[in-house]
Amino acid sequence: MLDHPLWDIVGNSVDGPRFPGQRNALRSVPASGKPDGDGPEDPLRLGQPMRLRLRDAVQALLADPSIAGLKDAPKLAAVVLYAKSRAPKGEKNDNQTSIWGAELGRWLGMKESTVHHKVLPVLRGTDALHTQVVRDGTGHPTGLDCLVMPLWNAHKSGGAAHPLALTKAELATLLHLCEALFGHGWTPENKEPTPPGLLAGRTGKGAATDRLGLLLMVLNTGASGWLQLVGGSVKKREGRGAATLARLLGCSPSGARKVLARLTEAGVVARQRKATSTRMNGRGRVMLLPVARAHGRTLASVEATEGAGPVFSARPDGACGDHGPAGAAGALGITGIGGAEGAGDAADRERPDGAELHADHAHLVTPVVPQQLDCGFSGEGRGAEGRRPERVCTGEDQAVDDTVGVAGSRSPVAQDGPLRGEKPKESQVNEQVGQRAAGAGAGGRPKAGGWEKAQQQRRVALPADLRLRVALGPVSWLWERLSGWQQDQVEAAAKAELAHLAGLGVAPEGAPRLLADRLTDRLAETGGEAMVDKPFPWLIRRGLPQRPACSHRKCDGGVRLDTGEDCENCGNVIQLRRAWRARIGADIDRELPGLADGERRRVLEERLHERVAAEAEDLAWRQEQARAERARREAARAAAAEQAEREQQAAAAADAARQELACEDCGRGRAAGLCEACDHRRQTEALIGEAGLLAAAGSADLSKAGSIATAVAGARAAIGDSTAAAWQEFLEITDVATLEVDPQAAADVYAFTAFQVAQQAVGEYQDNALAVLSRTGEAEAEARRAYRSEQGRPWFQHNPTGADAVAAAARAADTARERVAEHLLSARLEQLRERAAAPARRPASCTERLPGLAGRPLDGDATGAVIA
C-alpha cells in the first residue's frame with residue numbers, strides 16, 4: 001500500500017529506509033537492579049568502559065547536524081528513542097522503535113499535545129526522525145513507529161565502528177540508565193514493577209532540560225561521584241560546575257547555573273568546596289549523589305574524610321607519624337571516596353608548605369603524650385578508633401548510653417599520666433583496644449546487642465524516595481540520630497502528611513517543598529537542631545503535624561497551605577476576639593462603674609472565660625450536627641450507589657435481552673432488533689431521500705410537482721449507478737470466491753458500500769445546490785448591498801476604491817452571497833419536506849361527484865350537448 005520506504009504521521013512521504021514490518025504491541029525494556037540502588041545490577045553503577053561508550057554515543061547523537069541546533073526537548077526525545085531502538089540483526093538494518101505520544105511525553109515531562117506540536121514535527125522537519133502511524137484492523141491508530149535517522153545512517157555508513165552503533169546490551173543499559181534517572185515508572189502484568197526515576201516528578205517548563213542535563217552529568221561522572229569539571233578560567237558568579245554543565249548542554253553558563261540549582265534542590269546534585277587545611281575556600285566541586293550512592297559512597301563519608309580532623313593545623317608532606325598524609329588517613333580511619341579515589345584526591349589536596357608541626361589543643365590544657373609514640377607527636381598510637389587526642393575533655397565524641405560512660409571533665413589517662421608525676425602501668429589506649437578485641441566475635445567484628453544492634457540497622461542517609469528526601473532535608477541531622485524503627489515511623493508519618501497535603505488541594509510536586517518549609521519553621525521556633533534533645537517525639541508530635549490556628553482546614557500556623565499567604569480566617573478570628581473583649585469591657589464599665597483596675601481585669605477575664613466556654617459548647621454542638629449530617633449524606637450516597645447498581649444491572653439485562661432479538665427487516669437471529677446490513681440499508685434510503693431533496697432544491701421548480709419528481713428520480717438513479725460502479729471496483733480487488741462462500745457477509749459489504757456512496761452524494765448535491773442558489777437574484781442583490789456597505793465603512797471613506805477597500809468589500813460580498821444561498825436552501829428544503837409530509841389528495845369517486853353535478857343548472861348549450 002505504501003510505495004515509498006517511509007511515511008510521516010500526516011501521510012506525506014519522506015526519504016529513508018523501509019520499515020520491515022508493523023508491530024501492534026508496544027513494549028518497554030524493564031528496569032534492572034534494585035529500586036534502592038544498592039544492588040549489583042544498579043543502572044547507575046556503570047563500569048568505566050561502559051560509561052565512556054554510552055557517553056560517546058550520546059554526545060555523537062546530540063552532535064549530529066540534524067539534532068545539534070534543536071531545543072532540549074527534541075534532543076531528549078531523540079536520546080530516549082535512540083535508547084529504545086532495536087540493534088540490527090546481521091545484515092538487516094532494523095533500528096526502529098515503537099512508542100506513542102503520551103508515553104514519550106511522560107519520558108520528557110510534558111503533555112502529549114506539546115509532544116505532537118513542538119517535538120515530533122521539529123525532529124521530522126530536520127530529518128532526524130522518521131515516523132509511521134501504526135493502526136489496528138479497524139483503522140484506529142495504536143502507536144507510532146519511529147526511526148532515529150542518525151542511528152540508521154551510522155549503521156549504513158560507518159558500521160560497527162561508529163560511536164552510535166551500540167549493541168543490544170549497550171542500548172538496554174542506556175535505557176535502564178534513563179529509567180533510573182527520569183523514567184515515569186510502570187507496572188506490567190506478571191512482571192516486577194519499574195519504579196519511577198529520580199526526576200519523574202519534575203514536569204512542566206524546563207523539565208526536559210533538567211533531565212537531559214542530569215543524564216549528561218551522570219555519563220561524565222566516574223565511580224567517585226564527582227563530576228569531571230572543565231578547566232580554564234570561568235566566571236566567578238556561575239562557577240566551574242555551571243561552566244561544565246553549560247558545555248554539556250550547549251547553553252550559557254547563567255542558564256546552566258539555574259539548571260544546577262534546580263537539580264540541587266531536587267536532591268540529586270550536591271555542590272560544595274574542597275576543604276583546605278588552611279580553612280579557606282577551596283575549589284568548587286559537584287557531586288552526583290545517585291552515582292555516589294550506587295557505588296557505596298555518600299556525601300557524609302566525603303565530608304567526614306575531608307574534615308575528619310578539624311582540630312589539626314596544616315601539616316607538611318614530609319611530616320612523620322600521623323602528620324603525614326598516609327598516617328593521618330590511617331590514624332583517623334578515613335574511608336569512602338577519599339580512599340577509593342587514591343591518587344586522584346591526593347592530587348587535589350590543598351596544603352601550604354609551611355604548616356605547623358603540632359596539633360592544636362585547648363587553651364591552658366597540657367596534652368598527654370604517652371611514651372610509646374614513634375615520633376613524639378600528639379595523637380600517635382590511637383589505633384583505628386578515630387577518637388580525638390586524649391586530653392582533659394576526653395570521650396566527648398562518644399555517645400552517652402548504658403555501655404559507654406559519660407564524657408567527664410577529666411581524662412582517665414591524665415590521672416595517672418607521666419606529666420602528673422605518676423608512673424603509668426599501661427597505656428589507656430592499649431587497654432581499650434584490648435577490650436574491643438576481646439569483645440569481638442569469631443568474625444573479628446564486635447558483637448552488637450540491644451540498642452547497638454538497632455543503631456547498626458538504621459539508615460544514615462535519607463530515604464531513597466526523592467519526595468521524602470526533599471521533605472526531610474531540613475532535619476537530616478535529626479534523621480541520623482534516629483534508630484531504624486524510629487526512621488520507619490518518621491518515614492510513614494511523612495508519607496501520610498504528604499498525602500494529607502495532596503488531599504487539601506496542594507499540587508503533588510509542591511507538597512515536599514511545603515513540608516520542608518514547615519520543618520524549617522518549626523526548627524526556627526525551637527532554636528535549631530541543636531536544641532532538639534529528643535528527635536523522634538519532636539518530629540512526630542511537633543515537626544510534621546499540621547497546626548491549624550483556626551477552623552480552616554488549610555490553615556497551618558496562621559499560613560494558608562495552598563497559597564502560602566497569611567490566613568484570612570485567622571485574622572477574622574483575632575478581630576472578633578478583640579471586638580468581644582472591647583464589648584465586654586464596655587458592658588463592665590456601664591454595669592459596674594468605678595471598679596479598680598485589678599478588680600475590673602478580674603471581672604473581664606471571668607466574662608471572657610464564660611464567653612470562650614459558650615463558644616466551645618456551641619462548637620461542640622455544631623460538630624455533632626456536622627457529624628450527623630455527614631452520616632446522613634453517606635447513607636444517602638450509599639443508597640444512591642445501590643440504586644445506580646440496580647439500574648446498571650437492569651440496563652445490562654435489558655441490553656442482553658435486546659441483543660437476543662432478531663432483525664426486524666431480514667429476521668437474522670441475535671441482531672439486537674436490527675442487523676448491520678439492514679441498518680445500513682435504512683440509512684442509505686434516508687440519505688438518498690435527502691440527496692433527492694437537495695437536488696430538487698437546487699435545480700427544480702418547486703411550483704411543479706413533475707419537476708420535483710424528475711430531480712428526485714435523477715438523484716436516485718445517479719446514486720444507484722455510483723453504487724454499482726463502487727461495488728464493481730470492490731469485486732475487482734477482492735476474492736469473489738470468499739464472498740460466494742458467505743452470502744451474508746457479501747450482503748453486509750454491499751450495504752456498507754451503498755451507505756458510503758450515499759453519504760458522499762449528499763455532500764456533493766448540497767455543494768451543487770449552494771452553488772446554484774448563490775447565483776440567484778436575491779444572492780446577487782445581497783452581495784451588492786454588502787459590497788457597498790463595506791466600502792462605506794469609516795476607515796474606507798477616504799479611499800473607497802483602494803486595494804484594501806475593494807478586497808474587504810469583495811470578501812463581504814462573498815460572505816453575504818453564501819449566507820443568502822444557505823438561507824434559500826434551508827427554506828426550499830423546509831418547503832419540500834412539508835410538501836412530502838402532506839397527505840396526497842385522493843380523486844373523488846363518481847358517486848361523490850354526482851350530487852354536486854345534479855344541483856348545477858344547465859344552460860342551453862349544455863342541454864343541447866347532453867341531448868345530442
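Me: Angles under 35 degrees count as roughly parallel, over 145 as roughly antiparallel, 65 to 115 as roughly perpendicular and the rest as oblique. This is a predicted model, in which local features need pLDDT of at least 70 and side-chain atom pairs count only at pLDDT 80 or more, while totals for chains, interfaces and linings use all residues. Residues are numbered from 1 along each chain as its sequence is written, and side-chain values use heavy atoms, with hydrogens and water left out. Which of these words describes α25 and α26?

Reply: Helix α25 covers residues 676–699 and helix α26 covers residues 705–733. Their axes, which are lines fitted to C-alpha atoms over the stretch in contact, lie 8 Å apart and form an angle of about 130°; such angles run from 0 to 180 degrees between N-to-C directions. The relation of α25 to α26 is therefore oblique.

Me: How many nonpolar residues does the contact of α25 with α26 have?

Reply: Contact means heavy atoms within 4.5 Å. On the α25 side the residues are Glu685, Ile688, Ala691, Gly692, Ala695, Ala696 and Ser699, and they meet Ile708, Ala711, Val712, Ala715, Arg716 and Ile719 in α26. Ala, Val, Leu, Ile, Met, Phe, Trp, Tyr, Cys and Pro count as nonpolar, Asp, Glu, Lys and Arg as charged, and the others, Gly among them, as polar. By class, this contact has two polar and two charged residues, and its nonpolar residues number nine.

Me: How is α2 oriented relative to α4, roughly parallel or roughly perpendicular?

Reply: The axes of helix α2 (residues 72–83) and helix α4 (residues 112–125) are 9 Å apart, and the helices pack at an angle of about 70°. That angle makes the orientation of α2 to α4 roughly perpendicular.

Me: How many charged residues take part where α2 meets α4?

Reply: From α2, the residues Ala73, Pro74, Ala77 and Ala78 meet Lys118, Val119, Val122 and Leu123 of α4. By class, seven residues in this contact are nonpolar and no residue is polar, while the number of charged residues is one.

Me: Is Val58 buried or exposed?

Reply: Val58 is found in helix α1 and touches Val79, Leu174, Leu216 and Leu219, not counting residues up to four places away in sequence. Buried means under 20% relative accessible area, exposed over 50%, and partly exposed in between (1.4 Å probe, protein chains only). Because its relative accessibility is 1%, Val58 counts as buried.

Me: How far apart in space are Arg53 and Glu170, C-alpha to C-alpha?

Reply: Arg53 has its place in helix α1 (residues 48–62) and, at 22% relative accessibility, counts as partly exposed. Leaving aside residues up to four places away in sequence, Arg53 touches His162, Pro163, Ala165, Leu166 and Glu170. Although Arg53 and Glu170 are 117 residues apart in sequence, their C-alpha distance is 8.4 Å.

Me: What is the phi of Arg670?

Reply: Arg670 is found in the loop between α24 (597–659) and α25, and with a relative accessible area of 56% it is exposed. Ala672, which has its place in the loop between α24 and α25, has a positive phi of about 60° although it is not a glycine. Arg670 is not a glycine either, and its phi is positive, at about 50°.

Me: How many strands are in the secondary structure of the protein chain?

Reply: Helices (H or I, at least four residues) and strands (E, at least two) are DSSP runs, numbered from the N terminus. The protein chain has 868 residues, of which 35% are buried. Its helices number 32, and its strands number nine.
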